[in-house]
Every structure is written in structure tokens, then in C-alpha cells.
Amino acid sequence: MISLYPYPFEYFRPETLEDALGLAQVDGMKFLAGGQSLIPLLNLHVAEIKGVIDLKQVAPHLKFFEWEQDQVVLGSFLTHEELQHSSLLGRRCPLFLMAASHIGHPRIRQRGTLGGSIAHADPLAEWILVMTLLDAQVILTSSKGRRKISFQQYLLGPMMTAMDPDELIEAVEISLPEAASYGFVEVSRRPGDYALVAAGVSVLWDQDRIAKTSIAVSGVSDVPLTFPAIAMTMCHEYPSLALIHDVKRAIEAAVDPPSDILADASYRRHLAGTLVARALRQAFDEGVNSRWLIAK
């Protein structure tokens, strides 16, 4: 019989962020945000810890949107639901709405947080793919001070990060140019399950031409992959169905996914190319380009 009770641990609910960071200097302590990742791990005895630092009292200091020209800083305590339904963020970058709608179920989206998901670093999590695609900067804080590192430096592997044990994710900083459009598509066996494969794209426009593209795919490797060489071939091109077809073929040739009990390698490869193609169509549609409308 599988136990659904965690090993005993201490519980703290500090009143201030400084107190929380002080408690984190003790070995074996873990921060608790929405609890949608940590609590199941404790209940299933996958994790054993000395104690949890419940961040509920300090949450207001970590729940914010800060806009400055083409950049936004997102507080780590924002829930998936708040990111999904932020009207300003949704207008500027619909990618957040698209990705959040695939996260678990409504109850999970109400309680789960951006920082909790990034700290857990499950490579199939939607925010891990989005942060990889957008090349986010992660702002970490501890009693020793603050530091900012790129998401590429932060994510070391599946559920492995460059975060020190006493550090807390304070926020993520993302560049969101106005002349950009986005696409996000994923396939899972059932609604609410983790994705078998997911794809995200961002397209920066120079009037009717593509100025820059980023492509990221999860479910085909240990961590989400980006494809800078394929994206580079799209620069200065007009959007077209032929271009999408070429990119689809290139992605299928570039990935080398594993087989497992959920899907074999050939199916994951097919999904990678197909989902990138669909995400590109979304981005081209959002970009509302006259040549693209004629091509369709």
C-alpha cells in the first residue's frame, strides 16, 4: 500500500521576506508557495525535508507586474490563473494565455504559482517552455543579496537548477517587443495531463517580413530544446505556407526524441514538426500580415 502521508517536518509561516530568507539558511528547509508540486512529492515520500517555509504571509511582496517599455517583470507568487487572465499581459503576449490554459485543471491554476513551477523545473511544465522560448532572466534572492541569471544558465537539467538551497525566486524579467507575435500548441493524452510534446514560437516583425524567430519544443529531450539555426533561416522571409512546411521538415530532422511507455520516438518526432508548424500559423495569424493573408 502506498502511504499518502509525508514524513514528519517542521512548519514555519514567517511574517516578512527577511525572516523567510533567514529560515532558509538552515539545511533541509524548502519554500512552500502554491504547494502544487512540493506537497505531492512529500505525500508520495519522493522528497524528505526538515521543514517548510510557508510564504503565504509574504506573498503580497512577490505578486506583481512591473512594466517598463518593452520589458515586464513578473512576481514569482503570481498564480497560473492570474497570468492567464491578465488583460494587459494577454494583449502584449498571448503566449501566456495560450500556455496557462494547458496547465492542469482550474484548481491547480488557482493555487499553483509561476515561481513554484520554475523552482520545481519539470521539463514538461508549460512555464519552463515559455521561459526557454522568451530567454527570460531569473531574479533570485537570499539573505546574502540578489542576483539575475539567464534561464539558460538557470535550468541545468530535469528538475535541476542553478538555484542555491537558501535562494528564493523573486521574479522573472522578460522582453516583450510590441512588434512580436506568438504561438503555443501542445498534445497530451488527456486534458490536464503533462504534454507529450509542446511547441512555442515567437516572431518579431519588420513590417511584412520576419525579423527574428525563436522556436522551442519540449517532450523530445531532457529539457526544452531551441533551434537557433532553423530560426535563423527564417530571417528576412515573408510568411508563407511553404516556409512553414520547410521549418516543419527541418524540425523533424533536427530532433532525436526517446521512446517511452507514452509515445515512441517516431510519434514524438512527428508531433515536434507538426506542433511547430501549427504554432507558426498562430503567430503568422496574430501578426496579420497582408502577404500571409493572400498566401492562406
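**Close-up views of salt bridges and a buried serine**

View 1. At 46% relative accessibility, Lys148 counts as partly exposed (buried means under 20% relative accessible area, exposed over 50%, partly exposed in between, with a 1.4 Å probe and protein chains only). The model is predicted: local features need pLDDT of at least 70, side-chain atom pairs count only at pLDDT 80 or more, and totals for chains, interfaces and linings use all residues. Residues are numbered from 1 along each chain as its sequence is written, and side-chain values use heavy atoms, leaving out hydrogens and water. Glu173 is buried at 15%. The two side chains form a salt bridge (3.3 Å, N to O), defined as a side-chain nitrogen of Lys or Arg within 4 Å of a carboxyl oxygen of Asp or Glu. Lys148 belongs to strand S7 (residues 145-150) and Glu173 to strand S10 (residues 168-175), so the pair ties together parts 25 residues apart in sequence. Helices (H or I, at least four residues) and strands (E, at least two) are DSSP runs, numbered from the N terminus.

**View 2. The salt bridge of Asp70 and Arg92.** Their side chains meet at 2.8 Å, N to O. Asp70 lies in the loop between strand S4 (65-68) and strand S5 (71-75), and Arg92 in helix H4 (residues 87-92), so parts 22 residues apart in sequence are tied together. Asp70 is partly exposed at 35%, whereas Arg92 is buried at 18%.

View 3. Ser202, in strand S12 (residues 197-206), is buried at 12%. Beyond neighbours within four places in sequence, its contacts (heavy atoms within 4.5 Å) include Leu133, Tyr182 and Lys212.
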